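Here is a briefing on one protein model. Look over the sequence and structure first, then read the points by topic.

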Amino acid sequence: MTEPTFTPRVFSGIKPSGGLTLGNYLGAIKRFVGMQGAMDTMYCVVDLHAITVWQDPKELAHATREVAAGYLAAGLDPAQSTLFNQSRVSAHAELGWIFNCVARVGWMNRMTQFKDKAGSNAEKVSLGLYAYPSLMAADILLYHATHVPVGEDQKQHVELTRDIAAKFNHDFGVDFFPMTDPVIDGPATRVMNLRDGSKKMSKSGESDMERINMRDDADTIAKKFKKAKTDPEPLPETLDGLKGRAEARNLVDIYAALSDTTSEAVIAEYAGAGWGRFKPALADLAVDKLAPISTEMSRLMDDPAEIDRILADGAARARAIAEPILARTYDIVGLLR
Ligand code: AQP
């Protein structure tokens, strides 16, 4: 049997569970912008994922607009990319339920992000947090997306998406859902916490000092990099010399990603430099790249009605793709409609 061909399409999203971080920017948004124009691109603000942990309703609405403002300010163009918030397209939740009935509990039990987030509190977290990867599979497969740019932390969830697609196709004897490829490239696919190089930088991490927020001002960025944990050694001659130096490696990778170069090239430029030289250079670079985005985000946030208009328009375009795919899924499963 010949494999069906799927039109190349990019889908990805960010949860409005707090302010955007440098991790979200380098691991996701900057790369979203890089893929725009080359393929059909759809970028979502995944608000239904945010509510897997408690969100204050007013802050959720604000954070949803702020992620959208981050997309626009970083260079996503609503005329070229479909930008929308997930809850406006109810087909996500409908396909998510069908996939809850396809995915196996044993698969969910292997999800390391759930283990990290739930920790020792696994009995008390929401059922939604546990089931979140099957909703993420629905987000992607609802559009027959073929490519999903994500940070390293989401790789396992995109692999689960493939497992769900394969099991659905197998169980119903169809070739309906594509095998989606995660796109994880560049030097900053896992930006680490500035105070502990073994943990990733997160929006909802405990201390603000452990992350750079996209809307931090220049002084705050400089202070956070100055106080970032490092070690007493200068930067080595080669990248191999950073083995076992997670915090140092993280700062080099951030520098590389911000300056669109490789970590090898950064080491070649700064070999032998101490932190007193490297950290201020990194802070200047970060301010240089983030300040224009942050200024534009503030301007956009002054006109929430315009953001809402863009998201509503994107949702209408998303629905036009999603609804026939959901309808066909219902037919395949045998649900009368
Ligand atoms: N530290 C990171 N380095 C590289 N990429 C990252 N991403 C997130 N953190 C980093 C990527 O950003 C996209 C959106 O992620 P998300 O916000 O939807 O979910 P998350 O990965 O759970 O992000 P946070 O910041 O850790 O959120 P909270 O703290 O609320 O749970 C994804 O592509 C992700 O890989």
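Which helix gives the most to the lining of the second largest pocket? It is α7, with seven residues. This is a predicted model, in which local features need pLDDT of at least 70 and side-chain atom pairs count only at pLDDT 80 or more, while totals for chains, interfaces and linings use all residues. Residues are numbered from 1 along each chain as its sequence is written, and side-chain values use heavy atoms, with hydrogens and water left out. Helices (H or I, at least four residues) and strands (E, at least two) are DSSP runs, numbered from the N terminus.

**Pocket and cavity**

- On a 1 Å grid over the protein atoms alone, a pocket is an open set of points with protein on both sides within 12 Å along at least five of seven lines; a cavity is a set of points where a 1.4 Å probe fits but cannot get out; lining residues have an atom within 4 Å of a point.
- Grid points are joined across faces, edges and corners, and a volume is the space filled by probe spheres set on the points.
- The second largest pocket holds about 340 Å³ of space.
- Its lining counts 18 residues, and Asn100, Leu127, Ala131, Tyr132 and Ser134 lie nearest the centre.
- At least two lining residues of this pocket come from each of α4 (91-100), α5 (105-109) and α7 (127-141).
- A search of the whole structure turns up one cavity of 30 Å³ or more.
- The largest cavity has about 50 Å³ of space.
- Gln113, Phe114, Lys117, Leu129, Tyr132, Pro133 and His157 form the lining of the largest cavity.
- Both α6 (112-118) and α7 supply at least two residues of that cavity lining.

**Domains and cores**

- The protein is divided into domain 1 (9-183 + 303-333) and domain 2 (208-298); such bounds come from an automatic or database domain assignment.
- The C-alpha centres of domain 1 and domain 2 are 30 Å apart.
- Twelve residues from domain 1 and 14 residues from domain 2 take part in the contact, where contact means heavy atoms within 4.5 Å.
- A nonpolar core is a set of buried Ala, Val, Leu, Ile, Met, Phe, Trp, Tyr and Cys residues joined through side-chain atoms within 4.5 Å.
- Buried means under 20% relative accessible area, exposed means over 50%, and partly exposed lies in between (1.4 Å probe, protein chains only).
- The largest nonpolar core has 60 residues, and Leu22, Tyr71, Phe225, Ile254 and Phe278 have the most contacts inside it.
- Helix α12 (residues 275-301) gives the most to this core, with eleven residues.
- Domain 1 and domain 2 each contribute at least three residues to this core.
- Phe225 touches Leu22, Leu194, Ile212, Leu251, Ile254, Lys279, Leu282, Ala283 and Ala286, leaving out residues up to four places away in sequence.
- A second, separate core has 43 residues, including Trp107, Ala137, Leu326 and Tyr330.

**Helix α8**

- α8 (residues 155-172) has 18 residues and reaches 26 Å from its first C-alpha to its last, close to the 26 Å expected at 1.5 Å a residue.
- That expected span is 1.5 Å times one less than the number of residues.
- Buried residues in α8 are His157, Val158, Leu160, Thr161, Ile164, Ala165, Phe168 and Asn169.
- An α-helix has 3.6 residues a turn, so residues three or four places apart point the same way.
- Gly173 follows α8 and has a positive phi, near 65°.

**Loop residues**

- Ala103 sits in the loop between α4 and α5. Its relative accessibility is 9%, so Ala103 counts as buried. Ala103 touches Met108, Ser134 and Ile164, not counting residues up to four places away in sequence.
- Pro187 is in the loop between β5 (181-183) and α9 (218-227). Pro187 is partly exposed, at 29% relative accessible area. Beyond its neighbours within four places in sequence, Pro187 contacts Asp253, Ala256, Ala257, Thr261 and Ser263.
- Most residues other than glycine have a negative phi.
- His144 is not a glycine, yet has a positive phi of about 50°. His144 lies in the loop between α7 and β4 (147-149) and is buried, with a relative accessible area of 13%.
- Asp260, also a residue other than glycine, has a positive phi near 55°. Asp260 is in the loop between α10 (246-258) and α11 (263-270) and counts as exposed at 58% relative accessibility.
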